[in-house]
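Student: Could we go through this structure together, please?
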Amino acid sequence: MKPRHANIRTVLTASAFGIALAALALPTAASAEALHIYAWADELPDEIVQDFQKETGIEVTVDTFDSNESLIAKLEAGASGYDLVNPSQYAVQILAKKGLVTELDHSKIANIGNISEVFQKVSYDPGNKHSMPYIWGTTGLAYNSDCIKEPVKSWKAFWDEKYKGRIYMLDNMLAAYIAALQVNGYSANSSNPDEIAKATESLIKQKPLLAGYNSTNFADLVASGEACLVESWSGSVINVMKENPHVQYVVPDEGGTMWVDGYSITKNAPNAEAAYKFLNYLLQPDVAAKVTTLTSIASVVEKSKALLPPEVANNTAIFPPEDKLAKADFILDTGDATKHYQDGWTKVKAAQ
Amino acid sequence: MTRSSRQRMITLAMLAPSTVLMLVFMVVPMLIVVGYSFADRDSYGGVVPAFTLASYGELLQPVYFPIFYNSLKLAAINTIWCVLIAYPVAYFIAFRAGRAAPVLLVLMLVPFWINFLIRVSAWVVLLGRNGLINASLQAFGLADEPVRMLGTYGAVQVGLLYAFLPSAVFPIYAALQPINRSLLEAARDLGAGPTEAFARVTLPLSLPGIMAAILFVFVPSMGVFAIPVLLGGGKDIIIGNLIVQLFLEFRNIPLGSAVSVVLLALSSVGILLCMRALRRVEMNRV
Amino acid sequence: MTDLAAAPIFTSSRLRWDRWRTAALGQFPLIVTIAAYLFLFVPLLVLMAYSFNASRSTVVWSGFTFDWYVQVFEDRRLRGALANSAIIALVSAALSTTIGTVTALAIVRRNFPGRDALSTVLMAPLVLPEIVIAVAFLVFMVFVNVKLGFFTLIAGHILVSLPFTILIVRAAASALDRRLEEAAADLGADEVQTFVRVTMPLLMPAVFTAFLMAATLSFDNFVMSTFATGVGTTTLPLHIYSLLKLGITPKINAMGTLLVLVNVLLVIIVLGRQLRLVLRR
């Protein structure tokens, strides 16, 4: 009877069709030059990429990752096929130590002088040998002023009994220790085992007050009032701030930290020349200004600030005031102190 | 070619694709992981070839015990809820739904075609302090102030149930569906009431489905990490979180491999028992 | 039936309670099913509602707009990721179901040494956390110098879904009434004919079920995809997770809603006719 045969045939045909589709959809050997980028999704707006493609004729593919850790693991396993990757500052150190990214030839980036002084001499990558900074922000706190009437200025609020059950810390070892170390008066980059131990104690003491650890949807939680106070990266919360004026982002008095997302060229990049062209393109002031306007994140290109619309240029969450920034530093890779941090974090997470 | 050697060829041909797939993509990589569990690490997360039991020794420390225990507890509770709820649903689709059965099955999967992160947003809307459920409770006077739902163990259970219910329904349905209705008629003719007919004919015949459901739910439940974090607040970590943390955040490949091997051992015992029972049931059938 | 008159303990109210209880028990599956589907779909309705949210938030309602739907159609990368996910889901599910069905039948019907061991090994991807499998898979791919891309992604997805397809078809195959096949043989059908015209049609619902499950697992897959993906093969979940850093917007809700509508439409069109034929015996 026809229907029964038809069904097995249908399955086989569908599979064959599917395989054919897949073959067609495979990236064909491009006659145009190609550039492969592995980046944070919303930090490289499609418009910027399209403009570059139009200008140079180089075909750009952008794939996205969700965390620096995934990026490192992916590159470490080898043969990723990417020319440019988009690591955060501490990830640059790790990638450099593991030899996964090449040293940049600054002579190939004409616009390299456009990078502001602050970012020319960075502690995590002296001389910008292994990465080119692209955008930056801060790690601080966000709170909902509906919930917390007095302005919050310090990490101490995260240990305040008043807000029990309404506080979230970032679910990230380095981020949590920024708060714990700074609230105890230490540097966020401490490698002193005693200081780290004290910070661990603070985190364990804090745990019963927390609603939880969250690095995913904490912006939504503070915007909806579910959380009153969250540890936060500046970029993540800017967008909810536009919608909900009750959400405030603050770089705490103890300093907070700065983060930088930059671009590095991978070892064995298939098309390093195109990569250099792209890096140079990103450093043009008009392009940098466009990036900031589209992503609401500050650019490392000083001259671009003048080209910004006033509501962006005056946004203190995007551009914190100078005095606040003076105390902030970059979070670095923990290096030899790693073991102390990891042991401490495991204890904190396992604490009841 | 003799009949039996032809039979053997056919068997081989049928088993070849999956066996090869498993051997190449699963067994060999797994051996690599087992090997890594005995290795050493450098401070940058690389693996230094060595043979040491340090990682396993590390796991014996008291800080790890609650993690394993909580995982087993969470997985067990979730499995029980899933199977208890999945069985009547699968029964309904197989025996009562008629032509609507395939539609119901597909409908059950529809929520999973929307990305997981957005589904979590829906739960925040529903379970949040200012969320829909709290709003309704207060509107109907059932609560004076918002009930805390997000960040509780209950929220995690609800989230896991949501995630694993289809995994439990599908195998039970697959086992119930081919059951010959005439067997049930025969039972009725012999004087069994509907409950007895169910208990003595349907239930035993559906046992392979129940076992598959348990496997589909219990083991993966021990490996989940997103739901306990996003709905439970992330204050209690379970094996899934631990492994992701070790592999990615801590880049401690040997320790991560060791935890994986322990998980493998724990689950394998369960799976072996299940498979044995499955074989016995199947043999009694044939 | 028992002689009611001869059993004085069976008063009429007791009988009514028994009948009521049997009726209620009979309706138990229906009640649980309705509750289960409500449970599954209420969040879905919330998601669909928020796709029209006038603000960027996916949790705080501020008004009605179609803007997000417009954005979905304009977002090149989103559509690309969607296409990738769809193709990979269909292909990997088809292959996984085919291989799984054949394997399940071999395990259930045939005698061979090491059957228990093999069936346990085949469940391996269930046993291990996906991240372990994924990292090991990637390491191995690099070791044998295979270029990451569509094929590795599909292989990875098949790996993850195979235990499911095998077990589902297995559960059905073992519940199958062998006498139907014996009857076919008695009527003169040879092995192949029996297989094609009796066994397979009887298994079709389970095979279809397995296919659905595999396709869904593939479409929503995140961990294996992160490691098995190559250049230009970003899938939808990978794209969305990456958007998290700056926050997801109702654009994702809008896309999800569109996907649900397309799926439901497909079900009505394709399944409406096709499966009614299959299930009719």
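This is a predicted model: local features need pLDDT of at least 70, side-chain atom pairs count only at pLDDT 80 or more; totals for chains, interfaces and linings use all residues.

Tutor: Residues are numbered from 1 along each chain as its sequence is written, chains are lettered from A and ligands numbered from 1 in the order in which they are written, and side-chain values use heavy atoms, with hydrogens and water left out.

Student: How many salt bridges does the structure hold over all chains?

Tutor: Over all chains there are 16 salt bridges. A salt bridge here is a side-chain nitrogen of Lys or Arg within 4 Å of a carboxyl oxygen of Asp or Glu.

Student: Which residue meets C:Arg76 in a salt bridge?

Tutor: The partner of C:Arg76 is A:Asp46, at 3.3 Å from N to O. C:Arg76 lies in helix H3 (residues 76-109) of chain C and A:Asp46 in helix H2 (residues 46-56) of chain A, so this pair joins two chains. Helices (H or I, at least four residues) and strands (E, at least two) are DSSP runs, numbered from the N terminus.

Student: Which residues are linked in a network of salt bridges?

Tutor: A:Glu47, A:Asp51, A:Lys54 and A:Lys290 are linked in this way.

Student: Changing topic: how many residues of chain C are in contact with chain B?

Tutor: On the chain C side there are 103 residues, in contact with 96 residues of chain B. Contact means heavy atoms within 4.5 Å. About 9000 Å² is buried between chain C and chain B, and carbon and sulfur atoms give 78% of this area. Buried area is the accessible area (1.4 Å probe) that two parts lose on being put together, summed over both.

Student: How many salt bridges does the rule find across that interface of chain C and chain B?

Tutor: The rule finds 1 salt bridge there. C:Asp220 forms a salt bridge with B:Arg119, with the closest N and O atoms 3.4 Å apart. On the side of chain C that touches chain B, helix H1 (residues 12-50) of chain C gives the most, with 19 residues.

Student: What about A:Ser202, is it buried or exposed?

Tutor: A:Ser202 counts as buried, at 9% relative accessibility. A:Ser202 is placed in helix H7 (residues 193-206) of chain A. Not counting residues up to four places away in sequence, A:Ser202 touches A:Trp159 and A:Asn184.

Student: Lastly, how many helices and strands has chain B?

Tutor: Chain B has 13 helices and 2 strands. Of the 286 residues in chain B, 57% are buried. The C-alpha atoms of chain B fill a box of roughly 75 × 70 × 30 Å, taken along the principal axes.

Technical notes. Buried means under 20% relative accessible area, exposed over 50%, partly exposed in between (1.4 Å probe, protein chains only).
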